[in-house]
Amino acid sequence: HAAATPASFTSYGPHVALCAPGVAIRSTFPGGGYRIWNGTSMSAPFVSGTAALLLARHPDWNMAAVLERIQGTAQPLLGGSAAMQGRLGAGMLDVGAALAADLLGPDYDQGPVERLRRP
């Protein structure tokens, strides 16, 4: 996994739990078709979709358990402004790692998804 770099418009501060992709995201466009969008509003669906997939697998989990999994599998963010340093939550959302932890059991080390490839 290459470490991600936060966008210049990335939200940061003590209220940020984690970051998600928000640059060059393909999405629907009013009137039909698709466009490439940038913005924090493009990040929210990645996080909520990951949470929904985890809750489908673990219907007994509460918000804290979902957040613990998502944050525990996040990847580091490098770069960004000096003001962002240490204020980007747990890092970048890693959907694959968050979901793969269930496939590998309790001994999964929550490392990058590339480690999951089997020969």
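The model is predicted, so local features need pLDDT of at least 70 and side-chain atom pairs count only at pLDDT 80 or more, while totals for chains, interfaces and linings use all residues. Residues are numbered from 1 along each chain as its sequence is written, and side-chain values use heavy atoms, with hydrogens and water left out.

**Exercise 1.** Find out in what order the elements of the chain run.

Step 1: Look for the elements, which are DSSP runs numbered from the N terminus (helices are H or I with at least four residues, strands are E with at least two). The chain has three helices and two strands.

Step 2: Start at the N terminus and read along: the order is β-β-α-α-α.

**Exercise 2.** Decide whether Arg69 is buried or exposed, and find what its side chain reaches.

Step 1: Locate Arg69 in helix H2.

Step 2: Compare its relative accessible area with the cut-offs (buried is under 20%, exposed over 50%, partly exposed in between, with a 1.4 Å probe and protein chains only). Arg69 has 13%, so it is buried.

Step 3: Follow the side chain of Arg69 to the backbone oxygen of Ala98, at 2.8 Å.

Step 4: List the contacts (heavy atoms within 4.5 Å). Leaving aside neighbours within four places in sequence, Arg69 is in contact with residues including His58, Trp61 and Asp102.

**Exercise 3.** Work out which residues make up the largest nonpolar core.

Step 1: Recall the term (buried Ala, Val, Leu, Ile, Met, Phe, Trp, Tyr and Cys residues joined through side-chain atoms within 4.5 Å).

Step 2: Collect the eight members: Leu18, Ala20, Ala51, Leu54, Val66, Ile70, Ala74 and Leu93.

Step 3: Take one member, Ile70, and leave aside its neighbours within four places in sequence; among its contacts are Leu18, Val47 and Leu93.

**Exercise 4.** Describe how exposed Ala17 is and how far it lies from Leu67.

Step 1: Find Ala17 in the segment before strand E1 (25–28).

Step 2: Read its relative accessibility: at 28%, Ala17 counts as partly exposed.

Step 3: Compare sequence and space: Ala17 and Leu67 are 50 residues apart in sequence and 8.4 Å apart in space, C-alpha to C-alpha.

Step 4: Check what Ala17 touches: not counting residues up to four places away in sequence, these are Leu67, Gln71, Gly89 and Ala90.

Notes
A polar contact is a pair of N or O atoms within 3.5 Å; within protein, one must be able to donate a hydrogen and the other to accept it, and residues adjacent in sequence count only if both atoms are side-chain atoms.
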